[in-house]
Amino acid sequence: MTIPMTFSAEVQAARDAGTAIVALESTIITHGMPFPQNVETARLVEQDVRDAGATPATIAVIDGTLHIGLEADELDALGQAEHVAKLSRADIAACIAIGGTGATTVAATMIAAHLAGIAVSATGGIGGVHRGAETTFDISADLHELAQTPVTVVAAGAKAILELNKTYEVLETLGVPVIAFGQDCLPAFWSRTSDMPAPLRMDTARDIATAQIVRNVMGLPGGQLVCNPIPAADEIPAADLAPIIEKALAEAAAQGISAKAVTPFLLDRILTLTEGRSLTANVALVRNNARLAAAIARELGGIAG
Ligand code: PSU
Ligand code: MN
């Protein structure tokens, strides 16, 4: 059998022309932001990729078919649908098998991108080691995906709701290159800086693209995590957020929120507790990541071609 997979018209055209494509996840649309800002943001992000000279491929499973790129009406429908599944490595094949509909996390987006021959993806923040993981064992499958699937993922770092130090320790153990773009410390999602020195620093899209190709040629599996700091105008200082994150975490614990529900719950509570400021910042950083991902995808095409 073959995997039921379909390409949007613009992605098909880019494939035919051999031009740069950037994969975009869809869990941020269904589980990361409220409607209608989710659809508005997804459109802005897609346009940012186009303006930077690449083609956006937002990924989702719709009625059992893997979509590489969504048409405008499909994006609208996904953004308003209720009870859409959140698909990671563990769920994506089952969803396709039963004809279901679901949004892809970073991990599932990487799997789909690789199947479609796309080497770069953009997101807001990757999943990671959750607070309390020493008892819950809640560690995102995104980390293992980065270790095994050759896609370079541009994010603003791991979200500050996570255990950042433990997240980066796991990535190091798994052999995932963590590259800060243009600065010496890791960014912390809503904030440009953190107290964590970056394991690697690169200043150009070309270096990042070359590093991915060298890994491939060396036979090293997996991708790279590029940590791109949020634009200065949109950042929220870590000190402002810390008490809000603590409150959201305490509420999650009190309500017994667990497993896949944790990340969406925390993002929603932080949105309310920051009176929307976290969402404005989230939109700005995703757009910024989309632009860098497009530049890396273009460089990859130049090097490979
Ligand atoms: N970043 C955001 N919003 C999100 C996510 C990331 O700004 O909604 C999603 C991504 O799809 C990521 C997922 O892969 O959260 C991680 O979920 P979990 O911790 O359950 O693996
Ligand atoms: Mn989890």
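Q: Which residue in β8 is the bridge partner of S121?
A: First, a heads-up: this is a predicted model, so local features need pLDDT of at least 70, side-chain atom pairs count only at pLDDT 80 or more, and totals for chains, interfaces and linings use all residues, while side-chain values use heavy atoms, with hydrogens and water left out. Residues are numbered from 1 along each chain as its sequence is written, and chains are lettered from A and ligands numbered from 1 in the order in which they are written. Strand β7 (residues 120-122) runs parallel to β8, paired over three bridges; strands (E, at least two residues) and helices (H or I, at least four) are DSSP runs numbered from the N terminus, and two strands pair if DSSP finds at least two bridges between them. Look across from S121 into β8 and you find V153.

Q: What stands opposite V154 in β11?
A: β8 also pairs with strand β11 (residues 224-227), again in the parallel sense, and four bridges join them. In β11, the residue facing V154 is V226.

Q: Are the residues on the two faces of strand β8 buried or exposed?
A: In a regular strand, side chains alternate between the two faces of the sheet. In β8 (residues 152-155), T152 and V154 sit on one side, with V153 and A155 on the other. Buried means under 20% relative accessible area, exposed means over 50%, and partly exposed is in between (1.4 Å probe, protein chains only). Both faces of β8 are covered, and these four residues are all buried.

Q: How many of the ten residues of helix α6 are buried?
A: Helix α6 spans residues 106-115 and is mostly covered. The buried ones are V106, A107, A108, T109, M110, I111, A112 and A113. After α6 comes G117, with a positive phi near 75°. Back in α6, the buried count is eight.

Q: Why does S140 count as buried?
A: S140 sits in the loop between α7 (133-136) and α8 (141-148). A polar atom of its side chain lies 3.0 Å from the backbone nitrogen of D142. S140 counts as buried because its relative accessibility is 16%.

Q: Why does A57 count as buried?
A: A57 is part of strand β3 (residues 55-62). Contact means heavy atoms within 4.5 Å, and, leaving out neighbours within four places in sequence, A57 is in contact with residues including V11, I21, L24 and I118. A57 counts as buried because its relative accessibility is 0%.

Q: Which backbone oxygen does the side chain of T210 reach at 2.8 Å?
A: T210 lies in helix α10 (residues 205-218). With 31% relative accessibility, T210 counts as partly exposed. The backbone oxygen that its side chain reaches belongs to R206.

Q: Which residue is joined to P36 by a cis peptide bond?
A: P36 is in the loop between α2 (27-32) and α3 (37-51). Omega of the cis bond is about 5°, and the partner of P36 is F35.

Q: Is H83 buried or exposed?
A: H83 is in the loop between α4 (72-80) and β5 (85-87). Its phi is positive, near 60°, although H83 is not a glycine. At 80% relative accessibility, H83 counts as exposed.

Technical notes:
A polar contact is a pair of N or O atoms within 3.5 Å; within protein, one must be able to donate a hydrogen and the other to accept it, and residues adjacent in sequence count only if both atoms are side-chain atoms.
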